Amino acid sequence: SGSAGEPLLRKRTMNTTSQIAIVGANVCPIESLDYEVVENDLFKQDWRSRKKKQIFQYIVLKWTLVLLIGLLTGLVGFFNNLAVENIAGFKLLLTGNLMLKGKCRYLTAFFAYGGCNLVLAAAAAAICAYIAPAAAGSGIPEVKAYLNGVDAYSILAPSTLFVKIFGSILGVSAGFVLGKEGPMVHTGACIANLLGQGGSRKYRLTCNWLRYFKNDRDRRDLITCGSAAGVAAAFRAPVGGVLFALEEAASWWRSALLWRAFFTTAVVAVVLRSLIEFCRSGKCGLFGQGGLIMFDLSSTVATYSTPDLIAIIILGIIGGIFGGLFNFLLDKVLRVYSIINERGAPFKILLTITISIITSMCSYGLPWLAACTPCPVDAVEQCPTIGRSGNFKNFQCPPGHYNDLASLFFNTNDDAIRNLFSNGTESEFHMSTLFIFFTAVYCLGILTYGVAVPSGLFIPVILAGATYGRIVGTLLGSISDLDPGLFALLGAASFLGGTMRMTVSVCVILLELTNDLAMLPLVMLVLLISKTIADNFNKGVYDQIVVMKGLPYMEAHAEPYMRHLVAGDVVSGPLITFSGVEKVGNIVHALRFTGHNGFPVVDEPPLTEAPELVGLVTRSHLLVLLNGKMFMKDQLKTSGSFVLQRFGAFDFAKPGSGKGLKIQDLDFTDEEMEMYVDLHPVTNTSPYTVVETMSLAKAAILFRALGLRHLLVVPKTPDRPPIVGILTRHDFVEEHIHGLFPNLNPHKFHSTSMGG
């Protein structure tokens, strides 16, 4: 729930439902998503009646929606860049101009710089704390959990989208050590969710065609495409976006989705390219330099020999160690921040302002420690840099000199990375400068991530990695012929591998960022080494945050202790079942006094000779059926035809988030409560079932692979009731199993788990 800066969710109360109540500062239900096809009479009737025209409409709509996701995400990505470059550029120009004037110019310049940062940071924190607390942090863990089947409240709501876009612009412009790349993934997912909800009933923007998408399966596919589009827009890396969605975000994948995600990111690339070309004419203010490649290194010719490989192996080892340490420290800081953020919005804003002041003092104060360096005679660029971006910042130095530390601190994060990646600049940065910058960025990156501002981890990690890459490149210059700029790229790759544990997607994103294909083997090698080493210490950073937020994420593999248990061991009672023709009062009572979302339907005598399991009926279907008030005086099984005439399959379609019927909305007279309703037409007659003696490990893999919400457990022997219980997502959660079996291999439980 909420953000990296939201309350830590210490304790969970579990029941036999797929609803998990979290006890913390803000109680919020976490629902599971329903990816299963509900094969009831209504669904079968609808499927039989579909004509070719409707199937064609559905296919056209699918492609139209992914086209729109690509267009909108590309536009938002461009708008983010444009806004950040202009706001941050104005702030840096103002400060730079003030430093050239008067005696007390340096103090005035500091107050101008710190004041701008403070106002921007406070604005970002305020909209985040008051409008959409779920928008804080990167958003990648939330999208990852959603695509795993966890529907936490408001993580993809329109208010979250609004705060994600504007909060990210304000946060990055405020000079924080954070990026806009993580929030772009969340933004893409929010855009996809908004389009896939079938419009908005609230604003009367509904369309009959969009009803086809009122189910979790199609929304999941759209949100996967949205997250791919987000990466493509942030890094201008279309192929990297598809691979990111495949490797990190999505839990379910198939070839048709690959084709659609690729189309989405291609649209993003076309949109960005055309807008960037338009900006080259100087119509976009301070944004206009650079092209589709963010940090172009293609001009360097990389030839490498055996000694270079030794240097690269050292880089990979350092990246793995630093990455593991970064994740460990970040985990500790987030736990402290969550206690502060629990106290409410004013404390969130206060924390953000404090970190903003520390960041401003570092950015403005630390360059004073660096000595002035005379401009190189053979400098390609103007030295010292007049205006905003460039390698040679004047800062407090006399004419003809530059301050190398200011060239890194007194820039936007993108420009600092560009300076570190720049080639042919062996002697531009002093060793002491790089050490100071690395320490500051590493620490500020950890301190900044938990504040109530939309913040990405990619940029701080690339900055810190590129800095120690340059340090290693300079130290090993005697044995290696590679340019320090290329070492900076490899350092960034090693640190990304060490923190995020992604390999294929990071490799392709970095190659698309730098346009330097010759480095492919080296980037692959360094990523593999750093990931392997860091995996020995802890989990990837996003996996850690998912655990910390208490999102019941299901891994693709079963935990070893699950092999010692069977499905029947973990189903907890009491089980509530309905008869095929049930009294209205019983259904209303069950819906009012339990949070269950699925109920087994069992036919008993006189309807059948012996009790038999008909299937499963969901809460949402029961509510629609009760709302229709098609009740009977006697307990008789009907043909179901008049239910099929009264309702269409789309009446039972899942509404958008936060909408839909609730039991509190329905009223019944005493007479109606004594009547009966036939559940057969809306019961899913082919639910997935497992025998109670099946190993829990196998049941968990089945549950995850099929994207289920309910898994029915049936008895092994015939002379018992036809159902033992229901397995839901929370029955596979470590804490629940540990609560039932406290003596079960406690050393196998991770020390990072909540309450562990």
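Predicted model: local features only at pLDDT ≥ 70, side-chain atom pairs only at ≥ 80, totals over all residues.
Local features rest on pLDDT of at least 70 and side-chain atom pairs on pLDDT 80 or more, while totals for chains, interfaces and linings use all residues. Residues are numbered from 1 along each chain as its sequence is written, and side-chain values use heavy atoms, leaving out hydrogens and water.

**Nonpolar cores**

- A nonpolar core is a set of buried Ala, Val, Leu, Ile, Met, Phe, Trp, Tyr and Cys residues joined through side-chain atoms within 4.5 Å; buried means under 20% relative accessible area with a 1.4 Å probe, protein chains only.
- Leaving aside residues up to four places away in sequence, L490 touches (heavy atoms within 4.5 Å) I312, L315, L482, M519, L522, V523 and V526.

- Strands (DSSP runs of E, at least two residues) and helices (H or I, at least four) are numbered from the N terminus, and two strands pair if DSSP finds at least two bridges between them.
- Strands β7 and β9 (residues 598–603) run parallel and are joined by 2 bridges, with F578 opposite V601 in β9.
- Strands β9 and β10 run antiparallel and are joined by 6 bridges; D603 stands opposite E612 in β10.
- Strand β10 is largely enclosed by the rest of the structure, because 5 of its 7 residues are buried.

Methods
Buried < 20%, exposed > 50% of the residue type's maximum accessible area, 1.4 Å probe, protein only.
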